[in-house]
Amino acid sequence: MSASLIYDLAPIGSIVAWSDGTARPPERHKKKLAAWETRNSKGRLIRKQGKRGFGNVSLSPDFTLHEGDFGGGGVIAIRIHRTFSLDSELAFKVIERPVPGSVHVFDRAGASAELVHLATNRQATEEWLSRHGYPNAVLEEVTADEVAADHVEGRVAA
């Protein structure tokens, strides 16, 4: 599936894998393996941004995936996000969609909002927010209609 189809069809909160189509190098080739892993991985879809401009500069639409966190002792020191433009030559695949009834937690309202957590239900959302404190958080429940719309409209992203 192309990056453009991920942008158009995959709902926020989906787990998306990307690949350049090459075979995985052996474990003993550390540098080659590290390079391969940057072009072949997966992450959670946390943001879609439309076309935007700043002065004379025009930026094309893109989407961002949260690949992972690094830290220790319950403290996240580094977050790994990957942003892909719609003209990316990589192949993408939706591995998992958000379950109806789960709740998106966005860091703020508006077009530049970013998914910071996907909770299993409203109670889990409130508990997570009490520990992580996003004062401008926006909550959005995933409905069965959103998931069904992909199938009814023939937009199966797999």
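Leaving aside neighbours within four places in sequence, which residues is F92 in contact with? Contact here means heavy atoms within 4.5 Å. On that criterion F92 meets M1, S2, A3, I6, V16, A17, W18, F63 and F84.

The model is predicted: local features need pLDDT of at least 70, side-chain atom pairs count only at pLDDT 80 or more, and totals for chains, interfaces and linings use all residues. Residues are numbered from 1 along each chain as its sequence is written, and side-chain values use heavy atoms, with hydrogens and water left out.

The protein contains 4 helices and 10 strands. Both are DSSP runs, numbered from the N terminus: helices are H or I with at least four residues, strands are E with at least two. Their order along the sequence is α-β-α-β-β-β-β-β-β-β-β-α-β-α. The C-alpha trace spans about 45 × 45 × 40 Å along its principal axes. Among contacts with a separation of 6 or more, 56% join residues 24 or more positions apart. The accessible surface comes to about 9500 Å², and carbon and sulfur atoms hold 54% of it. These areas come from the Shrake-Rupley method with a 1.4 Å probe; for residues, only the protein chains shown count as cover.

Of the 158 residues, 32% count as buried. Buried means under 20% relative accessible area, exposed over 50%, and partly exposed in between (1.4 Å probe, protein chains only). In soluble globular proteins, nonpolar side chains tend to be buried together. A nonpolar core is a set of buried Ala, Val, Leu, Ile, Met, Phe, Trp, Tyr and Cys residues joined through side-chain atoms within 4.5 Å. The largest such core has 18 residues. Those with the most contacts inside it are I6, L45, F63, L65, F84 and F92. At least two residues each come from α1 (3–9), β1 (15–19), β2, β5 and β7 (91–96). Helix α1 gives the most, with 3 residues.

Three further positions were examined. L9 lies in helix α1. L9 counts as buried because its relative accessible area is 16%. D62 lies in strand β5. At 9% relative accessibility, D62 is also buried. D62 touches Y7, R47, K48, Q49, R52, T83, F84, S85 and L86, not counting residues up to four places away in sequence. One of these, R47, is 15 residues from D62 along the chain, and their C-alpha atoms are separated by 8.5 Å. D87 lies in the loop between β6 and β7. D87 has 63% relative accessibility and therefore counts as exposed. D87 and V142 are 55 residues apart in sequence and 29 Å apart in space, C-alpha to C-alpha.

The largest pocket has a volume of about 350 Å³. Of its 16 lining residues, H66, R79, V116, H117 and W128 are the closest to its centre. A pocket is an open set of points on a 1 Å grid over the protein atoms alone, where a 1.4 Å probe fits, with protein on both sides within 12 Å along at least five of seven lines; lining residues have an atom within 4 Å of a point. Grid points are joined across faces, edges and corners, and the volume is the space filled by probe spheres set on them. Strands β2 (41–49), β5 (62–72), β6 (75–85) and β9 (115–119), together with helix α3 (122–132), each supply at least two lining residues. The largest share, 4 residues, comes from β9. By class, the lining has 7 nonpolar, 5 polar and 4 charged residues. Here Ala, Val, Leu, Ile, Met, Phe, Trp, Tyr, Cys and Pro count as nonpolar, Asp, Glu, Lys and Arg as charged, and the others, Gly among them, as polar.
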